[in-house]
Amino acid sequence: QVQLVESGGGSVQAGGSLRLSCVVSGYTYSSACMGWFRQAPGKEREGVAAIYTGGGRTFYDDSVKGRFTISQDNAKNTVYLQMSSLKPEDTAMYYCAADPLRDCYSSHLIRLTYYDYWGQGTQVTVSS
């Protein structure tokens, strides 16, 4: 059974940093597209970043470029999202997702249907 478990969320002040982790179990994601998404109350889920675990190619939404960094540790089956210079508008539930069938493309930031597996989410709250 494939499971994705996020952790690392919390409450920070604007300008602070957090690192989210997503541990994958149940399959070896040596070549998969892993994405981070977020959803604020009353808003649609939106893509933040994606990484192709087979080669490290990354994609970012314009709203987080230069502030967020997605990375991987294949030995730990873990994907990270380092978030810096956080803003109140980054407040949301953050989810990781896995597409084990495809290489990563920029469209992975907008096509939620590409992903077969989702975690339960971790809350990030940024206060001004």
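**Starting from a loop residue**

Modeller: Ser84 counts as partly exposed, at 24% relative accessibility; bear in mind throughout that this is a predicted model.

Biologist: Where does Ser84 lie?

Modeller: Ser84 lies in the loop between S8 and S9, and, leaving aside neighbours within four places in sequence, Ser84 is in contact with Gly16, Ser17, Arg67 and Phe68.

Biologist: And how far apart are Ser84 and Trp118 in space?

Modeller: Ser84 and Trp118 are 24 Å apart, C-alpha to C-alpha, with a separation of 34 residues in sequence.

Biologist: OK, what about Met83, what is Met83 in contact with?

Modeller: With neighbours within four places in sequence set aside, the contacts of Met83 include Gly16, Ser17, Arg67 and Phe68, and Leu18, Leu20, Tyr94 and Val124 are also among them.

Biologist: Which residues have the most contacts inside the largest nonpolar core?

Modeller: That core has 28 residues, and those with the most contacts inside it are Met34, Trp36, Leu81, Met83 and Tyr94. The elements that give two or more residues to this core are strands S3 (18-25), S4, S5 (46-52), S7 (68-73), S8, S9 and S11 (122-127). A second, separate core has 10 residues, including Ala50, Tyr52, Phe59 and Leu109.

Biologist: Let's switch to charges. How many salt bridges are there?

Modeller: The count comes to 6 salt bridges. One of them is formed by Asp90 with Arg38, whose closest N and O atoms are 2.9 Å apart. Asp90 lies in the loop between strand S8 (78-83) and strand S9 (92-99) and Arg38 in strand S4 (residues 33-39), so this pair ties together parts that are 52 residues apart in sequence.

Biologist: Are Asp90 and Arg38 buried or exposed?

Modeller: Both Asp90 and Arg38 are buried.

Biologist: What about Asp99, which side chain does Asp99 meet in a salt bridge?

Modeller: Asp99 meets Arg102, at 2.8 Å from N to O. Asp99 counts as buried at 0% relative accessibility, whereas Arg102 is partly exposed, with a relative accessible area of 31%. Elsewhere, salt bridges that share partners join Arg38, Glu46, Arg67 and Asp90 into one network.

Biologist: And Asp62, buried or exposed?

Modeller: Asp62 counts as exposed, at 62% relative accessibility, and forms a salt bridge with Lys65, the closest N and O atoms being 3.1 Å apart.

Biologist: Changing topic, how many aromatic pairs does the structure hold?

Modeller: The structure holds 3 aromatic pairs. One of these is formed by Phe37 and Tyr115 and is edge-to-face, with 5.1 Å from centre to centre and 85° between the planes. Phe37 is in strand S4 and Tyr115 in the loop between S9 and strand S10 (117-118), so the pair links distant parts of the chain, 78 residues apart.

Biologist: Why do Phe37 and Tyr115 count as buried?

Modeller: The cut-off for buried is under 20% relative accessible area. Phe37 is buried because its relative accessible area is 0%, and Tyr115 is buried because its relative accessible area is 5%. Ring pairs also link Phe37, Tyr115 and Trp118 into a cluster.

Biologist: Which ring does the charged end of Arg45 sit over?

Modeller: The charged end of Arg45 sits over the ring of Tyr95, 3.7 Å from its centre. Arg45 also lies over the face of Trp118, at 5.0 Å from the ring centre.

Biologist: Now the strands. How do S4 and S5 pair?

Modeller: S4 and S5 pair in the antiparallel sense over 6 bridges, and the bridge partner of Phe37 in S5 is Gly47. The hairpin of S4 and S5 has 6 residues between the strands, with Gly42 taking a positive phi near 80°.

Biologist: How about S5 and S6, how many bridges there?

Modeller: S5 pairs with strand S6 (residues 58-60) over 3 bridges, again in the antiparallel sense, and Ala49 stands opposite Tyr60 in S6. Their hairpin has 5 residues between the strands, and Gly56 in the turn has a positive phi of about 85°. In S5, 6 of the 7 residues are buried, so S5 is largely enclosed by the rest of the structure.

Biologist: Last one, which residues make up the covered face of S1?

Modeller: In strand S1 (residues 3-7), Leu4 and Glu6 form the covered face, while Gln3, Val5 and Ser7 form the uncovered one. S1 and S3 run antiparallel and are joined by 5 bridges, with Gln3 standing opposite Ser25 in S3.

Technical notes
Residues are numbered from 1 along each chain as its sequence is written. This is a predicted model: local features need pLDDT of at least 70, side-chain atom pairs count only at pLDDT 80 or more; totals for chains, interfaces and linings use all residues. Side-chain values use heavy atoms; hydrogens and water are left out. A salt bridge is a side-chain nitrogen of Lys or Arg within 4 Å of a carboxyl oxygen of Asp or Glu. Helices (H or I, at least four residues) and strands (E, at least two) are DSSP runs, numbered from the N terminus. Buried means under 20% relative accessible area, exposed over 50%, partly exposed in between (1.4 Å probe, protein chains only). A nonpolar core is a set of buried Ala, Val, Leu, Ile, Met, Phe, Trp, Tyr and Cys residues joined through side-chain atoms within 4.5 Å. Contact means heavy atoms within 4.5 Å. Rings of Phe, Tyr and Trp (its six-membered ring) pair if their centres lie within 6.5 Å; planes under 30 degrees apart count as stacked, over 60 as edge-to-face and the rest as tilted. A charge sits over a ring if NZ of Lys or CZ of Arg is within 6 Å of the ring centre and within 35 degrees of the ring normal. Two strands pair if DSSP finds at least two bridges between them.
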